Amino acid sequence: MNLFDRISEDIKKAMLAREKVRLEALRGVKKEFLEAKTAKGANGELSDENATKIMVKMVKQRKESAKIYEENGRPELAANELAEAAVIEEYLPKQLSDEELEAEVKAIIAETGATSLKEMGKVMGVASKRLAGRAEGRLINEKVKQLLG
């Protein structure tokens, strides 16, 4: 079962269980999926890879919103955003630990033959594709800088 079908099934389950936060989060995901499916050039298809990218972006948006709500003294809204982010994260691949990320980046650096920060772009191109959905771009960037610098 692909991610789109799994989300659709889980929306039905959340409705029956009357899980308001879960339902809202999954409806938001499905809306984004439908928009991606009907976008120009998508041919009505949505690969799991693209679906994962969409969900990573949505989690990041929710966390950024929660931070802004906290800064503006609205903890109830921040809690809701974080709860929705947690629901969406359930569908993402397991995030890499710091040690796993470092091992992956070291392997990519060895593979590309990079030796200095001047070659960071080459490493980041490979790392971003290979680690998509399993680590945040910011973390990948920091690790590459640390290992090449």
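The structure, a predicted model, holds 20 salt bridges.

Select lysine 31 and glutamate 32 to begin. Their side chains form a salt bridge, with the closest N and O atoms 3.4 Å apart. Glutamate 32 is partly exposed at 22% relative accessible area, and lysine 31 is also classed as partly exposed, at 42%.

Next, select lysine 94 and glutamate 100. This salt bridge has its closest N and O atoms 3.6 Å apart. Lysine 94 has a relative accessible area of 63% and is therefore exposed, whereas glutamate 100, at 34%, is partly exposed.

Now display helix H5 (residues 98-112) together with helix H6 (residues 120-130). Their axes come within 10 Å and cross at roughly 130°, which means that H5 is oblique to H6. The crossing is right-handed. To view the contact, show Glu104, Ile108, Ile109, Glu111 and Thr112 on H5, and Lys122, Val123, Val126, Ala127 and Arg130 on H6. By class, five of these contact residues are nonpolar, one is polar and four are charged.

Glutamate 111 counts as exposed at 52% relative accessibility, while arginine 130 is partly exposed at 36%.

Note on methods
Residues are numbered from 1 along each chain as its sequence is written. This is a predicted model: local features need pLDDT of at least 70, side-chain atom pairs count only at pLDDT 80 or more; totals for chains, interfaces and linings use all residues. Side-chain values use heavy atoms; hydrogens and water are left out. Axes are lines fitted to C-alpha atoms, for helices over the stretch in contact, and angles run from 0 to 180 degrees between N-to-C directions. Helices (H or I, at least four residues) and strands (E, at least two) are DSSP runs, numbered from the N terminus. Angles under 35 degrees count as roughly parallel, over 145 as roughly antiparallel, 65 to 115 as roughly perpendicular and the rest as oblique. A crossing is left-handed if the near helix is turned anticlockwise from the far one by less than a right angle, and right-handed if clockwise. Contact means heavy atoms within 4.5 Å. Ala, Val, Leu, Ile, Met, Phe, Trp, Tyr, Cys and Pro count as nonpolar, Asp, Glu, Lys and Arg as charged, and the others, Gly among them, as polar. A salt bridge is a side-chain nitrogen of Lys or Arg within 4 Å of a carboxyl oxygen of Asp or Glu. Buried means under 20% relative accessible area, exposed over 50%, partly exposed in between (1.4 Å probe, protein chains only).
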